[in-house]
Amino acid sequence: MADPRFHRRAGPFTLGELAARTKLFKLPEGAEGAVVTDVAPLETAGAGDLSFLDNRQYLKALAATAAGFCVVAPEFADRVPQGSLALVTPHPYLAYATIAGLIYPEAAAVAGVHPSAVVDASAVLGEGVQVAAGAVICARAEIGQGSVIGPSVTVGEGVIIGAGCRIDANVSLECCILGDRVHAQSGARIGTAGFGFAPHPERHVPVPQIGRVIIGNDCQIGANSCIARGSGHDTIVGDNVWIDNLVQIAHNVEIGSGSILVAQVGIAGSARLGRFVQAGGQSGIAGHIRLGDGVRIGAKSGVMNDQDAGATILGQPAVPVREFWRQLAALKRLSEKKGKGE
Amino acid sequence: MADPRFHRRAGPFTLGELAARTKLFKLPEGAEGAVVTDVAPLETAGAGDLSFLDNRQYLKALAATAAGFCVVAPEFADRVPQGSLALVTPHPYLAYATIAGLIYPEAAAVAGVHPSAVVDASAVLGEGVQVAAGAVICARAEIGQGSVIGPSVTVGEGVIIGAGCRIDANVSLECCILGDRVHAQSGARIGTAGFGFAPHPERHVPVPQIGRVIIGNDCQIGANSCIARGSGHDTIVGDNVWIDNLVQIAHNVEIGSGSILVAQVGIAGSARLGRFVQAGGQSGIAGHIRLGDGVRIGAKSGVMNDQDAGATILGQPAVPVREFWRQLAALKRLSEKKGKGE
Amino acid sequence: MADPRFHRRAGPFTLGELAARTKLFKLPEGAEGAVVTDVAPLETAGAGDLSFLDNRQYLKALAATAAGFCVVAPEFADRVPQGSLALVTPHPYLAYATIAGLIYPEAAAVAGVHPSAVVDASAVLGEGVQVAAGAVICARAEIGQGSVIGPSVTVGEGVIIGAGCRIDANVSLECCILGDRVHAQSGARIGTAGFGFAPHPERHVPVPQIGRVIIGNDCQIGANSCIARGSGHDTIVGDNVWIDNLVQIAHNVEIGSGSILVAQVGIAGSARLGRFVQAGGQSGIAGHIRLGDGVRIGAKSGVMNDQDAGATILGQPAVPVREFWRQLAALKRLSEKKGKGE
């Protein structure tokens with residue numbers, strides 16, 4: 001069970017309800033009334049708990065699980081041990097996510113402004129907005145219905161936050177417009193001035209960064225990640241983009257909807273990513289290049305050139321993933337040969 | 001036009017004024033009185049707007065621009081389309097930066113301490129200092145004339161901030177001395193204890209970090225970047241150094257004037273960089289090494305050895321840039337040959 | 001001398017006291033009463049100062065030092081110049097750390113809650129706890145004896161902080177339990193939701209992150225580093241773990257006691273590190289892999305596979321360090337040969 005100090009549980013739910021809500025698995029016969037009280041990992045789940053398998057690395061844990069219910073893909077259905085009810089679906093992780101979201105729903109906003117928060121008289125707060133202690137809401141900011149502004153957050157002048165957003169502790173926002181249901185995790189910095197200056201031996205001359213950051217709906221921005229505002233154009237993050245922690249997005253970058261950026265990714269200025277691009281941890285994308293839809297970038301890669309839609313690339317500089325492994329194999333053979341010869 | 005929610009425009013200016021202020025281009029005949037109302041990117045600029053070309057990748061945009069005025073290098077003068085006035089200069093980006101800075105000047109400090117800020121009685125604030133809501137100024141701190149301290153900033157005990165500095169939201173400063181016109185972007189951490197300890201199986205023993213961070217004039221420190229204070233020596237950042245977001249500078253590092261560190265660079269302890277060193281995004285510099293003046297480090301490189309002034313290096317470990325490409329070409333040929341043979 | 005603006009000195013101490021407290025070196029004959037007033041680097045130390053040599057790169061500085069006392073390893077004892085008293089020990093850095101810690105002890109907590117701090121009525125503060133200006137302590141949080149909560153820190157609901165901890169400025173904590181003597185540096189983010197979602201073309205479905213972060217005793221978490229809470233399991237950091245700045249630790253990661261993570265390291269979800277693992281700067285560790293005790297990872301490496309205890313690895317993908325250098329040498333030879341042939 002999740003620690004109740006931190007996580008509040010809803011439910012319980014019958015399997016019938018869960019099947020109806022997720023629409024992702026067929027109810028085993030006679031199981032409609034079975035009661036699911038909680039979700040838990042395979043290793044710790046008990047009789048009333050629902051667990052899932054999404055990575056074959058954990059088949060051993062599946063075999064040993066005491067979970068009452070297991071969401072699994074069809075190919076693993078017969079690996080669910082006796083005593084556990086297999087819930088079979090082509091999308092086990094999605095089913096688990098949906099069910100866990102019912103059992104552990106996000107806390108709703110508690111409408112009101114903490115007395116220690118500082119809200120400028122010209123700011124506009126929608127219905128049900130929660131502003132926590134120590135938050136600072138500057139002039140002309142607008143915050144949409146039901147959004148939660150965490151402790152010591154700074155919402156800069158004129159910033160627009162959509163409805164149902166969560167802006168976690170110590171975030172700062174400036175020169176940006178956020179869609180609905182955006183979740184900015186602690187310490188994220190959105191809308192800071194981009195790294196623009198004309199080099200000069202005595203004093204580099206700053207280029208005024210007069211664009212904005214525009215973020216779509218349903219995005220997540222990770223802890224301590226940074227998104228610089230455009231220098232003239234805007235920096236644009238589409239809908240449904242998930243950005244992990246400590247990611248850097250430079251000015252004028254455009255990121256297509258559905259893209260996924262893993263931790264510590266860096267995207268240089270004016271790069272344009274298509275839809276559903278996936279960038280692995282610590283990878284980097286050079287400035288001014290374009291990546292087509294669905295490009296997948298391996299962890300730690302350095303992407304220096306335009307990439308066609310659907311490309312899967314790896315390495316520094318990044319090349320098609322097969323080429324990367326072929327080059328590595330060639331190098332290995334070469335070094336072994338040389339090693340023997342000497 | 002830049003969004004007036006976020007950016008306040010000055011002017012308009014006549015081309016004569018702009019030519020006189022920048023001293024970077026010769027006025028086309030009869031153009032002295034032409035009025036420039038705004039700056040904008042090539043793609044969005046209109047009749048009264050000034051734009052620029054600094055990257056040949058955007059020649060197409062130049063050809064199609066409706067900008068009234070275009071700052072360009074001599075070799076592109078004849079690429080400026082009819083209807084747009086070419087302002088020709090060897091330094092188009094510098095000219096643009098200067099003009100944009102006139103049209104979008106930085107907001108001046110609004111003198112005063114917000115009532116929610118906490119300023120220790122022993123702190124010394126210069127004339128015209130602005131302290132925003134929620135800022136905390138600790139004992140004996142000194143803040144120079146006209147500096148702006150943003151919301152929820154922490155200025156630690158004894159910290160000295162020069163004149164005309166801007167310390168953005170949620171920054172924290174400790175054990176550091178900043179020159180004039182330093183801009184620390186949101187979430188920057190300056191002067192934290194370095195990563196110094198004597199390894200020990202039961203409890204690593206911290207080495208007291210009894211140095212400082214000394215930052216020169218006209219520096220920019222990016223959002224969420226970290227500069228650790230010295231362990232005994234100081235950590236020193238020269239004048240006119242620009243540091244992008246999420247950069248790590250370890251204890252005792254010295255960075256020469258005019259250097260440029262792109263996002264996510266990491267510099268290990270006691271490394272010494274000369275003047276005008278340029279480090280590309282996500283590059284790393286090993287501890288205790290020395291880089292001469294003007295060394296240029298490619299993105300994602302790992303610099304493990306001393307480098308002579310003027311070296312241009314790339315790779316991990318970093319080698320002269322030509323050698324990097326030669327090695328890569330050799331590896332490519334090898335893997336293709338092997339590929340065929342198999 | 002360390003700048004008294006920032007660092008308060010205790011002492012002086014006689015060499016006899018220091019020898020007794022550190023138990024790491026034998027007193028030179030007749031030196032018991034000699035007085036040590038300060039510690040300082042070799043280059044700046046004077047007659048009453050104690051310095052140390054731990055890196056043979058600084059032998060020149062040793063030869064030229066005016067330090068009254070030098071802590072050195074046996075092999076360098078005869079390199080200590082005349083006029084400086086050699087204190088010989090197999091553990092010079094440890095001895096220096098201990099002595100410097102006596103001369104520059106950490107400031108003790110000043111018990112009390114600043115009037116501008118917001119402490120929920122249900123929070124429990126131990127004896128002698130210090131809560132600085134602008135800090136926000138949420139419901140049911142518990143803070144152990146003598147801990148110091150810095151300015152504008154956010155301590156989330158239910159968070160437990162042990163005794164003797166220091167939580168520096170602008171840190172935020174949620175869903176986490178910290179041991180004793182944990183030092184979280186400025187801007188660290190502990191316990192944020194991990195990067196867990198089921199990909200979906202319209203809206204990626206968040207997987208509720210219902211685990212915690214559990215941190216042992218005597219840990220240091222660097223500035224702006226991020227530790228995500230578990231998704232179901234907990235994220236676990238053992239005792240005596242030192243984490244540098246801008247490090248990313250994903251959900252469900254386990255880090256064994258004594259491990260050392262240098263700046264900008266990234267550890268992907270569910271990786272398990274043994275005890276005393278060392279990860280060099282900017283290295284990355286893939287998800288779901290296991291590293292045995294004492295694994296050492298070179299800077300900038302990318303670890304993609306399980307590693308046996310004691311392995312020393314380097315490269316991307318990381319291989320045994322010898323293999324890395326052998327491959328590099330082979331590539332160098334190849335490229336030179338090809339270069340000549342063309």
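This is a predicted model: local features need pLDDT of at least 70, side-chain atom pairs count only at pLDDT 80 or more; totals for chains, interfaces and linings use all residues.
A polar contact, as I use the term here, is a pair of N or O atoms within 3.5 Å, where one must be able to donate a hydrogen and the other to accept it. With that settled, I went to the interface of chain B and chain C and found 29 residue pairs in polar contact, both partners at pLDDT 80 or more.

**Entry: B against C, who supplies the surface**

I looked up which elements of chain B give two or more residues to the side that touches chain C. They are strands S18 (176-178), S20 (189-192), S21 (197-198) and S22 (205-206), plus helix H4 (321-341). H4(B) gives the most, with eight residues. Sorted by class, that side of chain B has 27 nonpolar, 30 polar and 14 charged residues.

**Entry: B against C, extent**

I then checked the contacts themselves: 71 residues of chain B are in contact with 63 residues of chain C. The buried area between the two chains is about 5,100 Å², and carbon and sulfur atoms give 59% of that. In chain B, the residues that lose the most area to chain C are B:Phe195, B:His204 and B:Ile210, together 14% of what that side buries.

**Entry: B against C, charges**

How many salt bridges are there between chain B and chain C? I get four. I picked out the one between B:Arg212 and C:Asp3, where the closest N and O atoms are 2.9 Å apart.

**Entry: how the copies relate**

Next I superposed chain B on chain C. It takes a rotation of 120 degrees with 0.0 Å of shift along the axis, and the RMSD comes out at 0.0 Å. That is the relation of a three-fold axis. The copies use different surfaces, though: 15% of the contact residues of chain B recur in chain C.

**Entry: A against C**

I turned to the other pairing I had on my list. Here 64 residues of chain A are in contact with 71 residues of chain C. The area buried between chain A and chain C is about 5,100 Å², with 59% from carbon and sulfur atoms. Which three residues supply more of the area that chain A buries against chain C than any other three? They are A:Arg5, A:Phe6 and A:Trp242, with 14%.

For the charged pairs, I count four salt bridges across the interface of chain A and chain C. I looked at the one in which the side chains of A:Asp3 and C:Arg212 meet, at 2.9 Å from N to O. The polar contacts between chain A and chain C come to 29 residue pairs, both residues at pLDDT 80 or more.

On the chain A side, helix H3 (92-103), strand S27 (242-243), strand S30 (260-261) and helix H4 (321-341) each supply at least two residues. H4(A) has the largest share, nine residues. By class I have 29 nonpolar, 21 polar and 14 charged residues on the side of chain A that touches chain C.

**Entry: one residue, A:Leu15**

A:Leu15 sits in helix H1 (residues 15-22) of chain A. Is A:Leu15 buried or exposed? I call A:Leu15 buried, because its relative accessible area is 0% and the cut-off for buried is under 20%.

Leaving aside neighbours within four places in sequence, I listed what A:Leu15 is in contact with: A:Leu27, A:Ala31, A:Glu32, A:Ala34, A:Val36, A:Phe69, A:Leu85 and A:Leu87. I also took a distance to A:Val153, which is 138 residues from A:Leu15 in sequence and 41 Å away in space, C-alpha to C-alpha.

Key:
Residues are numbered from 1 along each chain as its sequence is written. Chains are lettered from A and ligands numbered from 1 in the order in which they are written. Side-chain values use heavy atoms; hydrogens and water are left out. Copies are superposed by least squares on the C-alpha atoms of residues with pLDDT of at least 70 in both. Contact means heavy atoms within 4.5 Å. Buried area is the accessible area (1.4 Å probe) that two parts lose on being put together, summed over both. A polar contact is a pair of N or O atoms within 3.5 Å; within protein, one must be able to donate a hydrogen and the other to accept it, and residues adjacent in sequence count only if both atoms are side-chain atoms. Helices (H or I, at least four residues) and strands (E, at least two) are DSSP runs, numbered from the N terminus. Ala, Val, Leu, Ile, Met, Phe, Trp, Tyr, Cys and Pro count as nonpolar, Asp, Glu, Lys and Arg as charged, and the others, Gly among them, as polar. Buried means under 20% relative accessible area, exposed over 50%, partly exposed in between (1.4 Å probe, protein chains only).
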